[in-house]
Amino acid sequence: MNVDFYERIWMWIATGIVLLFMAFVGVSTFAQGIRPPSHVETIDPAKVFQDPRFSRIATPTELPDGTIEVQVAAIMFAFVPNEIRVPPGRRIRFRMTSADVTHGFMIAGSNANTMIVPGYISQFTTVFEQPGDYLLVCHEFCGNGHHAMHGRVIVDPGAVVAKAAAAPHQGAH
Ligand code: CUA
């Protein structure tokens with residue numbers, strides 16, 4: 001047993017730890033679809049309900065690429081809408097903003113979990129493989145009614161989805 005021997009062992013242990021951490025990151029990113037929200041888009045919190053980007057809050061809308069966009073406004077102490085119906089097996093893009101304070105947005109039993117910060121639009125895309133009734137909760141303390149701020153996401157093969165008209169604000173082709 002010389003110094004070299006121990007050094008070699010520690011090198012292998014260190015290498016193993018690094019590989020283990022990379023495996024954790026790889027599994028959570030590619031197998032579980034967990035990734036940080038990176039979308040940065042600003043909005044005036046006082047004008048959320050007049051903003052054209054939140055004009056389709058009532059109905060999930062299919063975009064030209066097949067993704068279904070769901071717009072959600074968070075206000076003390078509710079999600080608007082508080083019942084969201086989407087089909088399973090489709091890319092669902094949530095676009096959310098707050099009209100007042102910081103809220104949370106978590107759909108229990110899915111990888112949907114983000115914060116909703118006033119002044120910004122939070123966005124992420126997910127797929128619900130299993131039909132069912134998912135609980136939507138605000139998991140960021142937002143005031144006295146925080147505990148009552150929840151809704152439902154119903155994943156239903158019969159969900160009604162509107163078709164997006166050509167979007168003039170995105171410019172000509
Ligand atoms: Cu909104 Cu807690």
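Biologist: Which residue in β10 is the bridge partner of Val86?

Modeller: The partner of Val86 in β10 is Val155. Before we go on, please keep in mind that this is a predicted model, in which local features need pLDDT of at least 70, side-chain atom pairs count only at pLDDT 80 or more, and totals for chains, interfaces and linings use all residues. Residues are numbered from 1 along each chain as its sequence is written, and side-chain values use heavy atoms, with hydrogens and water left out.

Biologist: What makes β4 and β10 a pair of strands?

Modeller: Two strands (E runs in DSSP of at least two residues, numbered from the N terminus) pair if DSSP finds at least two bridges between them. Between β4 and β10, which run parallel, there are 4 bridges, so the two strands count as paired by that rule.

Biologist: Why are β4 and β7 called edge strands?

Modeller: The open sheet has 5 strands in the order β4-β10-β9-β6-β7, with mixed pairing. Each of β4 and β7 (113–116) pairs on one side only, and they are the edge strands.

Biologist: How do you know that Arg85 and Asp156 form a salt bridge?

Modeller: A salt bridge requires a side-chain nitrogen of Lys or Arg within 4 Å of a carboxyl oxygen of Asp or Glu. For Arg85 and Asp156 the N to O distance is 3.0 Å, and therefore the pair meets the rule. Arg85 lies in strand β4 (residues 83–86), whereas Asp156 lies in the loop between β10 (150–155) and β11 (162–163), 71 residues apart.

Biologist: Is Arg85 buried, exposed or partly exposed, and what decides the label?

Modeller: Buried means under 20% relative accessible area and exposed over 50%, with partly exposed in between, using a 1.4 Å probe and protein chains only. Arg85 has 36%, so it is partly exposed, and Asp156, with 21%, is likewise partly exposed.

Biologist: Why is Arg95 called buried?

Modeller: The relative accessible area of Arg95 is 8%, and therefore it counts as buried. Arg95 forms a salt bridge with Glu69, where the closest N and O atoms are 3.8 Å apart. This pair links strand β5, which holds Arg95, to strand β2 (residues 68–75), which holds Glu69, 26 residues apart. Glu69 is buried too, because its relative accessibility is 10%.

Biologist: Which other residue meets Arg95 in a salt bridge?

Modeller: The side chain of Glu41 does, at 3.0 Å from N to O.
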